[in-house]
Amino acid sequence: MEIEKINDEQLDQVSGGTQIPYIVRPGDTLTKIAMRHHCTVEQLCRWNHIDERSTLMVNQKLIIKF
């Protein structure tokens with residue numbers, strides 16, 4: 001039996017669709033935020049339409065999906 005792999009975009013589509021806002025705090029990086037919320041930097045960037053090289057600003061609002 002072969003197990004079909006799904007990519008991150010497909011996973012996003014089948015998730016519960018729950019989103020929470022996240023406000024960037026001093027010292028935050030995309031990596032730290034991703035680790036804290038058990039997702040990848042790539043997912044954070046896709047959900048928020050930003051580039052991995054983007055500079056985060058304190059009080060910037062990001063969306064985290066579950």
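## Salt bridges

A search of the whole structure, which is a predicted model, finds two salt bridges. Side chains of opposite charge can pair when their charged atoms come close.

One of the two joins aspartate 28 to arginine 36, with 3.4 Å between the closest N and O atoms. The other links aspartate 51 with arginine 53, and here the closest N and O atoms lie 2.9 Å apart. Each pair qualifies because its separation falls within 4 Å, the cut-off applied between a side-chain nitrogen of Lys or Arg and a carboxyl oxygen of Asp or Glu.

## Surroundings of the paired residues

In the pair formed by aspartate 28 and arginine 36, aspartate 28 counts as buried because its relative accessibility is 12%, and the cut-off for that class is under 20%. Arginine 36, by contrast, has a relative accessible area of 37% and is therefore partly exposed.

In the pair formed by aspartate 51 and arginine 53, aspartate 51 is partly exposed, with a relative accessible area of 35%, whereas arginine 53 reaches 72% relative accessibility and so counts as exposed.

## The chain as a whole

The protein chain that carries these residues has three helices and two strands, and reading along the sequence gives the pattern α-β-α-α-β. Among contacts between residues at least 6 apart in sequence, 57% join residues that are at least 24 apart.

Of the 66 residues in the protein chain, 27% are buried. The chain exposes about 5100 Å², of which carbon and sulfur atoms supply 54%.

Methods. Residues are numbered from 1 along each chain as its sequence is written. This is a predicted model: local features need pLDDT of at least 70, side-chain atom pairs count only at pLDDT 80 or more; totals for chains, interfaces and linings use all residues. Side-chain values use heavy atoms; hydrogens and water are left out. Buried means under 20% relative accessible area, exposed over 50%, partly exposed in between (1.4 Å probe, protein chains only). Helices (H or I, at least four residues) and strands (E, at least two) are DSSP runs, numbered from the N terminus. Contact means heavy atoms within 4.5 Å. Accessible areas come from the Shrake-Rupley method with a 1.4 Å probe; for residues, only the protein chains shown count as cover.
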